[in-house]
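Let's take a walk through this structure together, from the whole chain down to single residues. Have your viewer ready and follow along.

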Amino acid sequence: MLNATGVSWHPVLNLSIEFRSQVVASSAYVDGQGMLWVQLNPYQNGVVAWNLLIVSETFNFEQVLCRLEVLVVPVNDAPSFRILPSASVLEDSGLNQLAGFASNISAGPGNERTQEISFILTAASPGSSSVFVHGPLLHADGSLEFQTAVNYYGETRWNATLVDNGGTSNGGRNTSDMESFVIVVLPVNDVPTFRIQRQIRIPSTQDLLHIPNVTYDISAGAYNEMNQKLTFN
């Protein structure tokens, strides 16, 4: 409902549309109190113009009183998307590229489909960023890309939002609701390592010997596997 002012209204005032527009869903009319009633189509904006007529059916009289123009200003609708709750990869799996991690990606209704969109990821758990050597990145096509540090395993939590370039004028929204997900890196046991002396000299007169450091540089694997129990076979 729009209130048209600045004109001396009378119950016999009629409106005739000057040109057709997708903005308007139905015919407009002015009531006896000078109130303009018009139903707008959703997600449409632009200019609609009417000729305001004064009509007397008794005297077969009709005259254009003025031109009434209504400007429906654009309001940006928030972008939207869906996302999977988690992504699982193996420790030391290198660069991971997971297609379709985000889906139903939309900049808004049909008249906003040409807007540019991009994802913003923020860490939701302390230290999450420090365990990645690349990313994580959530691309506009919905693919998730990341690479974790060598020998890291565990979980990190992230928040994702989608942003478009439609702005926030007239109360518009350019940022989607936030979605959260978890990146799970599953542990993979590293092989233990050691070195051994290639040659050992012992006196022939000895029956029982305790020779230290026959094996050395003994390691259970990566730094996060140092508590593992080791035995030689």
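How many helices and how many strands does the chain have? This predicted model has 0 helices and 17 strands. Of the 233 residues in the chain, 30% are buried. Sequence distance is worth a look too: taking contacts between residues at least 6 apart in sequence, 61% of them join residues at least 24 apart.

The largest nonpolar core holds 20 residues, and the members that touch the most others are Ile 83, Leu 138, Leu 144 and Phe 181. Seen by element, two or more residues come from each of β7 (80-83), β8 (86-90), β11 (117-123), β12 (132-138), β13 (144-148), β14 (154-164) and β15 (179-186). Another core, of 11 residues, lies apart from this one, and its members include Val 24, Leu 36, Trp 50 and Leu 68.

Once neighbours within four places in sequence are set aside, Leu 138 is in contact with Ile 83, Phe 101, Ala 102, Phe 119, Leu 121, Ser 143, Leu 144 and Ala 160. Strand β12 also contains Pro 136, and the peptide bond leading from Gly 135 to Pro 136 is cis, with omega near 5°. For background, most peptide bonds are trans.

Beyond residues up to four places away in sequence, Thr 161 touches Phe 81, Ser 118, Phe 119, Ile 120, Thr 175, Ser 176, Asp 177 and Met 178.

Asn 96 sits in strand β9 (residues 96-98). With a relative accessibility of 10%, Asn 96 is buried as well. Its side chain makes a polar contact of 3.2 Å with the side chain of Ser 93.

Asn 151 is buried, with a relative accessible area of 15%. Tyr 153 is in the loop between β13 and β14 too, but Tyr 153 is partly exposed, at 35% relative accessible area. Tyr 153 and Leu 90 are 63 residues apart in sequence, while their C-alpha atoms are 8.0 Å apart in space. Apart from neighbours within four places in sequence, Tyr 153 is in contact with Glu 91, Val 185, Leu 186, Pro 187 and Asn 224.

A positive phi also turns up at Tyr 43, where the value is near 65°. Tyr 43 lies in the loop between β4 (35-37) and β5 (46-56). As a rule, most residues other than glycine have a negative phi.

Let's end with open space. Where is the centre of the largest pocket, judged by the residues that lie nearest? Asn 45, Pro 74, Val 75, Asn 76 and Glu 112 lie nearest the centre, out of 20 lining residues. The largest pocket contains about 280 Å³ of space. Sorted by class, its lining has 11 polar, 7 nonpolar and 2 charged residues.

Terms used. Residues numbered from 1 in each chain as written. Predicted model: local features only at pLDDT ≥ 70, side-chain atom pairs only at ≥ 80, totals over all residues. Heavy atoms only, no water. 1 Å grid on protein atoms, 1.4 Å probe; cavity = no way out; pocket = protein on both sides within 12 Å on 5 of 7 lines; lining within 4 Å. Points joined across faces, edges and corners; volume = space filled by probe spheres on them. Nonpolar A, V, L, I, M, F, W, Y, C, P; charged D, E, K, R; others polar. Core = buried A, V, L, I, M, F, W, Y, C linked by side-chain atoms within 4.5 Å. Buried < 20%, exposed > 50% of the residue type's maximum accessible area, 1.4 Å probe, protein only. Helix = DSSP H or I, 4+ residues; strand = E, 2+ residues; numbered from the N terminus. Contact = heavy atoms within 4.5 Å. Polar contact = N/O pair within 3.5 Å; in protein donor to acceptor, adjacent residues only side chain to side chain.
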